[in-house]
Amino acid sequence: MSNSYEVRPGQSIELLKALHILTRDGKMNQDSRRKLKQVYHLFQFIEPLLREVADARGAVSLVDHGAGKSYLGFILYDLFFKDLPEEQGQNSHIYGIETREELVKSSQELAARAGFPGMSFLNLSVAESITSPALPATVDVVTALHACNTATDDAIRFALARQARHIVLVPCCQAEVASVLRKHKGKLLAGNPLTEIWRHPLHTREFGSQVTNVLRCLQLEAHGYQVSVTELVGWEHSMKNELIIAQYKDLPRKRAADRLQNVLETLGLEEMGERFFTAP
Ligand SMILES: C[S@@+](CC[C@H](N)C(=O)[O-])C[C@H]1O[C@@H](n2cnc3c(N)ncnc32)[C@H](O)[C@@H]1O
């Protein structure tokens, strides 16, 4: 079978069909092959984090924000959660957060059909989830893959509020910072030649996106996380392929907080201070 090297031993063929990764007769098209490759690639980064938490705590909870069709959640459950020893598995859980009700429903149905009791899907915005009692007070791993615009920032806020040990982000485009850069461009242009970096509208957008991720990293560092930024290779058809992984290490916070403040002031982004808050 052409797809045999891509489907892993023990992996549910029925689940892959239900996710439309495999066709009804078990074949795979170009698009779904790519999707599966991406998710596997991400799995390589996430699996060791899950393993570490499960070994240390005896259970693991993961919240996936902007879950969409929950490819990631289902593959993680199928390849990792499902095979946990019973005493670890029974207290482990994946939560998918998604605003589109029909996607929440279809994921709930699929989890029931697949026999995955440790999966829940909540019809909430990421912002609403921050205070939702439907989620545990503390969680182990937070993921957000291409969660639109500021949903990634809300996912960071959620992760900080629920004391996540690990945060895995593949940000989508974020328009907010670019719009503030645009607003103050005229005022700053006269004073600093470096404002040339974002003078042209296309550059304002690209630079805004870049600065957003820089601010996100500094914000996480300012809350004691160790942050690494890499490229999600194998994600070549996607424009947005930056992978930010943060691990809570209780590191010193002051330098990152000062730097963040400095970047905001230098770029005329002071009004974004609330979004990229650094105080606990
Ligand atoms: C580009 S899709 C990504 C889906 C999935 N994470 C993936 O990578 O396949 C973004 C999803 O986030 C959802 N979404 C956007 N903003 C959201 C928000 N503020 N809260 C919850 N879900 C949101 C959208 O409805 C959509 O399903």
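Which residue just after helix 7 takes a positive phi? Gln-163 does, with a value of about 50 degrees. The structure is a predicted model, in which local features need pLDDT of at least 70, side-chain atom pairs count only at pLDDT 80 or more, and totals for chains, interfaces and linings use all residues. Residues are numbered from 1 along each chain as its sequence is written. Helices (DSSP runs of H or I, at least four residues) and strands (runs of E, at least two) are numbered from the N terminus.

Nine of its eleven residues are buried, so helix 7 is largely enclosed by the rest of the structure; a residue is called buried if 20 or more other C-beta atoms lie within 10 Å of its own, exposed if 12 or fewer, and partly exposed in between, with C-beta atoms placed from the backbone. Among the buried residues are Ala-151, Asp-153, Asp-154 and Phe-158. The cover over the buried residues of helix 7 includes strand 1, helix 6 (126-129), strand 4, strand 5 and helix 9 (201-221), where contact requires C-beta atoms, placed from the backbone, within 7 Å.

Two of these covering elements, strand 4 (residues 141-145) and strand 5, pair in the parallel sense over five bridges, pairing being assigned if DSSP finds at least two bridges between two strands. From strand 4 the chain passes through helix 7 (residues 151-161) to strand 5, a β-α-β crossover that is right-handed; that is, with the strands pointing away from the viewer, the path from the first strand over the helix to the second runs clockwise. Opposite Leu-169 in strand 5 stands Ala-144. Strand 5 is also joined by four bridges to strand 7 (residues 242-248), and these two run antiparallel. Here Val-168 has Ile-245 of strand 7 as its bridge partner.

Five of the five residues of strand 5 (residues 166-170) are buried, so the strand is largely enclosed by the rest of the structure. In a regular strand the side chains alternate between the two faces of the sheet. In strand 5, His-166, Val-168 and Val-170 point one way, while Ile-167 and Leu-169 point the other way.

Helix 3 (residues 71-79) is likewise largely enclosed by the rest of the structure, because seven of its nine residues are buried. Its buried residues include Leu-72, Phe-74 and Ile-75, and they are covered by elements including helix 1 (13-18), helix 2 (30-57) and strand 1 (61-65). Tyr-71 lies in helix 3 and counts as buried because 21 other C-beta atoms lie within 10 Å. Setting aside residues up to four places away in sequence, Tyr-71 touches Leu-19, Lys-35 and Val-39.

Ser-70, in the loop between strand 1 and helix 3, has a positive phi of about 65 degrees although it is not a glycine, and is buried with 24 C-beta neighbours inside 10 Å. His-20, in the loop between helix 1 and helix 2, has a phi near 60 degrees and is partly exposed, with 14 other C-beta atoms within 10 Å.

Finally, of the 16 residues around the ligand, Gly-66, Gly-68, Ser-125, Leu-145 and Ala-151 come nearest, a residue being near if its C-beta atom, placed from the backbone, lies within 6 Å.

Note on methods
Contact = placed C-beta atoms within 7 Å.
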